[in-house]
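This briefing covers chain contacts, strand pairing, nonpolar cores and model confidence. The notes are grouped by topic.

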Amino acid sequence: MEFFIITAIKAGLVAFVLLTLAAYLVWIERKVLAHIQLRIGPYRVGPHGLLQPLADLIKLVTKEGVMPAEVNKFYYLLAPFLAVALALVSISVIPFGRQIEVFGYKTYMELADVNIGLLLILAISAVSVYGIALGGWASNNKYSLLGALRSSAQMISYELPMSIALVSPLLMANTLSLREIAEAQAGFYFSVIPKWYIFQAPAPQFIAFLIFLIAAFAETNRIPFDLPEAENELVAGFHTEYSSMGFAAFFTAEYVNMVTISALATHLFLGGWNPPVVEPVAGFIPTLIFFGAAFFLFFHGRQSVATRTWDRFTFPVFGGVFLGVGAVFQVPMLKEALGPLFWFGAKTGFILFLYIWVRGTLPRFRFDQLMSFAWKFLFPASLVQLLVTGLVVALKE
Amino acid sequence: MPATVPLSWYLILSAILFGLGVAGFLFRRNIITVFMSIELMLNAVNLSFIAFSYQLKQVDGNIFALFVMVVAAAEAAVGLAIILTVFKNRATLTIDEVSTLKN
Amino acid sequence: MDAILFLLFAAIAVACGINLVVQTHPISSAISLIGVMGALAVLYLLLGAEFMAAAQMIVYAGAIMVLFVFVIMLLNAGAEKKRNTATFAKIFGVPALVGFLGLVSFLIQKEMLPRTDHVKFGGFVDKDGKALGTAEAVGNALFTQYLLPFEVTSILILIAILGAVVLARKEI
Amino acid sequence: MQHLWLIPALPLAGFLINGLLGKRLPNLVVSIIACASVLASFGWVLKTLAALGPLEAAYVESYFPWIQSGTFQVGFDLSVDRLTAVMLLVVTGIGSLIHIYAVGYMAHEGGYYRFFAYLNLFMFFMLILVLGANFLLMFVGWEGVGLCSYLLIGFYILKKSAGDAAKKAFIVNRIGDFGFTLAMFLIVVNFGTLDFQRVFDAVRPMPIEQSAGLLTAVALLLFVGAAGKSAQVPLYVWLPDAMEGPTPVSALIHAATMVTAGVYMVARAAVIYQRAPVAMDVVALIGLLTAVMAATIGITQNDIKRVFAYSTVSQLGYMFLACGVGAFSAGIYHVVTHAFFKALLFLGAGSVIHALEGEQDLTRMGGLWKKIPITFGVLACAWVAIAGIPPFAGFYSKDEILLAAHHHAPWMYWVGVITAAITSFYVSRAMFLCFFGSYRGHHDHPHESPFVMWGPLAVLALLSLIGGWYFKVPHYLETLLPMQNVGHDTTLVMISVGAGFAGLGLAALMYVVKPELPGRLAGALGGLYRLVYNKYLVDELYNAVLVRPLVGGSRSLLWRVMDAGLVDGAVNGVGTAARSVGGVLRLLQSGNIRSYAAWVTLGCVAVLVALGLAAGGVR
């Protein structure tokens, strides 16, 4: 019975955190993009636009959900639900940290510990194309249909290299459970180079990581592979006809997928929650970072620009918060629970930042280029590198 | 309400699904739907394969199911290509209208 | 618990299967077929064939059915219209089908029921209690005992790819 | 293990290489491959024979069972005994020489690689024929050489006469092969095996048949085959036409090796013949008749190659005469010497033709001896050899034969002597017409052949000079083919030698001293002359008696009645029947997939009923 309770609690927690994260990811993305393009980005709502996501949410909820005529109602309504549901399901097998003990109850920091977690994620991501495809088709709009077709073709095509790329870490870890994979990457070479699979002997997985990352971009329909919603050729692609909640659902699904796949990449290649430096140094780094941020904020709060009157108050407040957080990382009881979480989050965040960075930098492919790139370059490349990895591993045995 | 079910229920379920597939094959007119009915039959067969595999406590049944899956994949690829060609040449997906060899 | 799950997902599977047959629009049929597949995947899990469950989702639901949906969308296939050809199929098919089902279930009841044991989750283990349906076990069997068939299937796939490409490309 | 299989395998390899890639290879490579393969097998023969030593008993190597049905089985066996050894040396030795010669002779011909591929293939089959340890394997070689001779006679594929000659050779050989096959059937039925050893062991205890019997039948049938292959009356007609082929082919196949296969076969089956006197007499008579006939025809021919062709036929007649009178070893002896000088004659003729750019008509030659001295020299060696002048090759073997003939029946000896005289006459005639007198052709300054051509000629010339007393073939074959001891009667020898000189002298008188004499002579006995000149009208006779009726019969009866009427009728009947049945069945095949599915389902139900209810369930 208490298993169910714990699971329910964890599920609620994860869902909340994830959705919030997704929402704020939008904010971060807008901010980063803005600064890449030398703009300010959202600034009005709340200090530095911090409340922008909330505003967006309210807007999307309160807007009228338009149901166009001539659509296939059932699928039109089913599609966004499908998309977001599948996106949320797949996060459930991703561990965030080691086993922790809450009030004497041991549990893993993940929703479900299935020993085929990876396969499950693959299965979900394989099915999650239906959300987009159905939505586009049900909208009964040629742009949407084109978007749907594109996304289904593209997601199938890029699923191959992705799966093959993530096989090679499996070869080295010899398990399908993400937690064991993460655990297998603990440790250091001469206490400097972490034994992450991207570095780990006998077969460092740079290429696999690269392939995986590229395929992941395509799987999540992100620039430079966002053909399904290429606004300047297909209006908005598969979600042209969607408004308010439906749109929000697709939006959320996309960002949740980004988070999931980044977490997956972290686990498979970047050593999960294992810190990049040896203990006990690793234990202090989070604190240092937060403290540094806090002092940064204090400093800027002191001598802030005259036009930004709010900063005089908000910066120190956040600085205080950061100080507190940094201190929390030193609390012995929470330390081993939070440390891994921090590192995991940091790495995932880095990959998410990559997403945004690429979006700010690269132009969009043409569709035929996209396909030929998948089949003529990425797929063979992944095969070759899998072959090499397998060979090396076999030789090592 | 028993806690567990006998294996034969799985087999009966597979039989029912298979029958549904046959029915679809018999009564649908759309080539693609007919094709999907075939896939349904294959799935039913897979289920019974895996059920037997459980019964015999051997993994072979799974392997067989896997092979069925592979063959189904190949069949789907070729079959759909054929359907595309048929549609290209006859502009119809109704199975009764492609009953003649030459049009 | 197992019984409930089985009944639940069996019901889903059957419902989706019926839906597949009765729906007139291919997309609906496709979606319901995907539903069947998902339900079957869960049943595979109940039977301990976890790898097969995953493969079912990835290969069948994730690849093959996407292909179907893709083609349906591409050809923009509408709902089929009522036309009464092939009455033969109706006349002979229905009784044949009924007889078939009846016979099969009768045989299963008569032959299998006494000789099959009950399905328990995690009961799919060999003599020394090692799980059989895992990716490891399947992989072992696949690459040792069934290596030749495996390779042959790879050739089959290759041929299928070629055939599909040729068919789809050139004007026949 | 002597690896006998290498002997035929090497030329086969040559054939494969030249036949498959020859088109792309330069001529030099092709000729090197061809000659090297044959020379290599010659070398292997020498090595094998050296290794096998005195070779008292036959040495057999069996590789794998080839045909096996019930108790009857034929193995792929090769065997070597003294007879085989002689033939092997002749075939590979002369073969290599002629290959080398052909390199020069064919230099400017098209289809160079084709020619050498065929030649190598011929060597392969000939060696199989010689080496085979049972009748069937021998027959394989037998047919193979027939095929190659067909291919090579018709080598100039653009000449209709060549094609016709090839077909003629093939068809006539068919008749002979028919006899051979029947003989094999008889042997299988009566002895249950085709293996030489076993058959002969079975035959030896048998009594000598005074009247016709089983052995006689076998012997005669075998001789039919031999007659076909070795151009004996009445099947000799193909050989003169075979001269359509390139001269090296005439030398190798139609003088030295293939045509002697018949003699070899008869000698091989000596055990059988010795117990069938009737057959022996037939062989002897046929041989004698052939010898005389061909020799007389030879007198009148003007085509140099044809003259030599008829001379070949008559020499073959001699060989069969030898076999017929029981002097098998003498026959083989003559095979060897004849191989030397006849090959030399043909190659020399080839050299002459080559010098005159394809001129073959004797009446257009003359006075060539100072233009092409080397050719004249070597041809002179062959001339004295064939004319039976002691101590040259022809003399010894012919002498043996004549002595044996006299011992068997004196009249045969006399006929033989006369034939010998004729032989020496027509060869001398050819020589005089070709080399003496004044040049009658209009092709100016003939040129000597290159070394690659006259080199082999020189070797052959040496052989035909000394080969007679150097190779004591009968002595070598004594253990295998014992010949009744004929006293060495000097007078008889003198007579035959005299006959040789007489022929030579007469020729000299007619063609050198008074060149107008032949014309007058021909005018005097016109009818006879014309008959002989037209080869006794044998071809015309065959045409009228055999060919026309056959063609007519097949046209009217076989084609109109049998084929068009019965066969086609039956076929069409089947067709219509199938059509009508299908007309009923096609109603089933509506092309409507769903009804098919319904049928399938019905079938499943039936199966289940059978399974579950009738068979009492799945067990």
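Two residues are in contact if their C-beta atoms, placed from the backbone, lie within 7 Å. By that criterion, 15 residues of chain C are in contact with 14 residues of chain D. On the side of chain C that touches chain D, eleven residues are nonpolar, two are polar and two are charged; Ala, Val, Leu, Ile, Met, Phe, Trp, Tyr, Cys and Pro count as nonpolar, Asp, Glu, Lys and Arg as charged, and the others, Gly among them, as polar.

This is a predicted model, in which local features need pLDDT of at least 70, side-chain atom pairs count only at pLDDT 80 or more, and totals for chains, interfaces and linings use all residues. Residues are numbered from 1 along each chain as its sequence is written, while chains are lettered from A and ligands numbered from 1 in the order in which they are written.

**Confidence**

- The model scores ipTM 0.69 and pTM 0.58.
- Chain C has a mean pLDDT of 81, with 91% of its residues at 70 or more; pLDDT is the predictor's confidence in each residue, from 0 to 100.
- Within chain C, confidence is highest in helix H2 (residues 26-46), at 88, and lowest in S1(C), at a mean of 74.
- Helices (H or I, at least four residues) and strands (E, at least two) are DSSP runs, numbered from the N terminus.

**Interface of chains B and C**

- Here 65 residues of chain B are in contact with 75 residues of chain C.
- Strand S1 (5-6), helix H1 (7-27), helix H2 (31-56) and helix H3 (60-90) of chain B each give two or more residues to the side that touches chain C.
- The largest share of that side, 23 residues, comes from H3(B).
- By class, the side of chain B that touches chain C holds 47 nonpolar, 13 polar and five charged residues.
- S1(B) pairs with strand S1 (residues 118-119) of chain C in the antiparallel sense over two bridges; two strands pair if DSSP finds at least two bridges between them.
- In this pairing, B:Pro6 stands opposite C:His118 in S1(C).

**Chains C and A**

- Chain C has six helices and one strand, in the order α-α-α-α-β-α-α from the N terminus on.
- Of the 172 residues in chain C, 41% are buried; a residue is buried if 20 or more other C-beta atoms lie within 10 Å of its own, exposed if 12 or fewer, and partly exposed in between, with C-beta atoms placed from the backbone.
- Chain A has 14 helices and four strands, and buried residues make up 42% of its 397 residues.
- Among contacts between residues at least 6 apart in sequence, the share that joins residues at least 24 apart is 58% in chain C and 76% in chain A.

**Hairpin in chain D**

- Strand S1 (residues 59-69) and strand S2 (residues 72-80) of chain D pair in the antiparallel sense over nine bridges.
- S1(D) and S2(D) form a hairpin with two residues between them, and D:Gly70 in the turn has a positive phi of about 60 degrees.
- D:Phe64 has D:Phe76 in S2(D) as its bridge partner.

**Nonpolar cores**

- A nonpolar core is a set of buried Ala, Val, Leu, Ile, Met, Phe, Trp, Tyr and Cys residues joined through C-beta atoms within 7 Å.
- The largest such core has 211 residues, and those touching the most other members include D:Ala219, D:Leu222 and D:Ile332.
- Helix H4 (residues 112-131) of chain D gives the most to this core, with 18 residues.
- Apart from it lies another core, of 199 residues, among them A:Leu134 and B:Tyr10.
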